[in-house]
Amino acid sequence: MKATQLGTYPNVAVYTAMVAIPARYYLERQDWKGASQLEPLGSGFPANEWQRAVADGITYFGIAMGFARSGDAASANSAVDKLKAQRETLLRLKQGYWAEQVEVQVLGAQAWVEQTKGDKGEALKFMRAAADLEDGSEKHVAMENRLYPMRELLADMLREQGDAASALKEYEASMKNAPNRLRAYYGCGKAATALGQTKKADACYRQLVRLARNSDSERPEIQEVAQLLASK
Amino acid sequence: MRPPRWLLAAALAACALGARGADTDDKPADQGDPDYLQGRKAIEARDWRSAIRLLSSAALRDTRNADIQNYLGYAYRNSGQLDLSFKHYSRALQLDPRHRGAHEYLGEAYLMIGNLPKAEEHLAALRKICLIPCPEYGMLEARIAASRKQ
């Protein structure tokens, strides 16, 4: 969409949608290279300073996650710094709600930077703080959903660190707040399998298949789970 | 692979048509209140009496604003009315348990009455809140350190 089609001073929901759609596209597919190449809102859009900061926060979160999970901690750190700058802008403009939402993103992105650097303890400290802060805050109407549930990211991190039991607990907690998410069902199935809880794993995988029943996607998780269930 | 263009276009068109011109809910609650703005100016001028009058008036209209309660606590503290200061700082933290300024100032207020353990509780709270470094933590930490030396 071109800036001229948006009219004068569109609502912040226009900008959050503009940047959240591509960010989600890459993050949900775990396409880290794609995420690291996300681009902030161009200068041609008639956004207020705070609207731009909210929108750019979403994009820099995606970029930071993309770099961190590609193993490039230095570039991820640089994106986190830009994310922090958006928070400073929002604090200065007295946009407390959005400043806190960007703080959630800073904590979440910093967590994965620490994980990439190999500091598991720090990574979990930041990730837990992000999940707790997000769960304690209300979702704004301008975001039709959380960009990416932080508690689910915490579960992903725990699973990556080999703590399947804690991961499963966090996936289940996350699914209460953010139900019907393909990635959560996938992670839940993986964590339950690692724990030998085949019944629970099956239940999660079947939910994933149900969710994707009308999909013609070639996403590897869907194919992997479909094959797994078919072989039983 | 990039997101399909039709998906982006459809979602953006829906947003642009449905949500335009309704930004009022995104304005900070205190931004337009003249008493709040004048009250903050009175605080800057260290005119505690006026600040208390103006901010109390703003608080009647905006009953859930932690910033107003925090400023009221600050004005009462500086005017020597510590009991009321504690009441408003506590209200600020009730409304926003992560209010950095209220934790710092309430910690400082506890130092004024010689209650070091309570001041340290607020420093500990700031330590948890300020994973992204915040000046409030350093300020209270320095005050507590100075208080220990006395």
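How many residues does helix α1 of chain A have, and how far does the helix reach from its first C-alpha to its last? Helix α1 covers residues 12-28, which is 17 residues, and reaches 23 Å. That is close to the 24 Å expected at 1.5 Å a residue, where the expected span is 1.5 Å times one less than the number of residues.

This is a predicted model, in which local features need pLDDT of at least 70, side-chain atom pairs count only at pLDDT 80 or more, and totals for chains, interfaces and linings use all residues. Residues are numbered from 1 along each chain as its sequence is written, while chains are lettered from A and ligands numbered from 1 in the order in which they are written.

**Chain A overall**
- Chain A has 11 helices and 0 strands; helices (H or I, at least four residues) and strands (E, at least two) are DSSP runs, numbered from the N terminus.
- The C-alpha trace of chain A spans about 55 × 40 × 30 Å along its principal axes.
- Of the 232 residues in chain A, 49% are buried, meaning that 20 or more other C-beta atoms, placed from the backbone, lie within 10 Å of the residue's own.

**Helix α1**
- In α1(A), 14 of the 17 residues are buried, and the helix is mostly covered.
- α1(A) bends by about 30° at A:A20, the bend being the angle between axes fitted to the seven residues ending there and the seven starting there.
- Just after α1(A), A:Q30 has a positive phi of about 55°.

Key
Buried ≥ 20, exposed ≤ 12 C-beta atoms within 10 Å, placed from the backbone.
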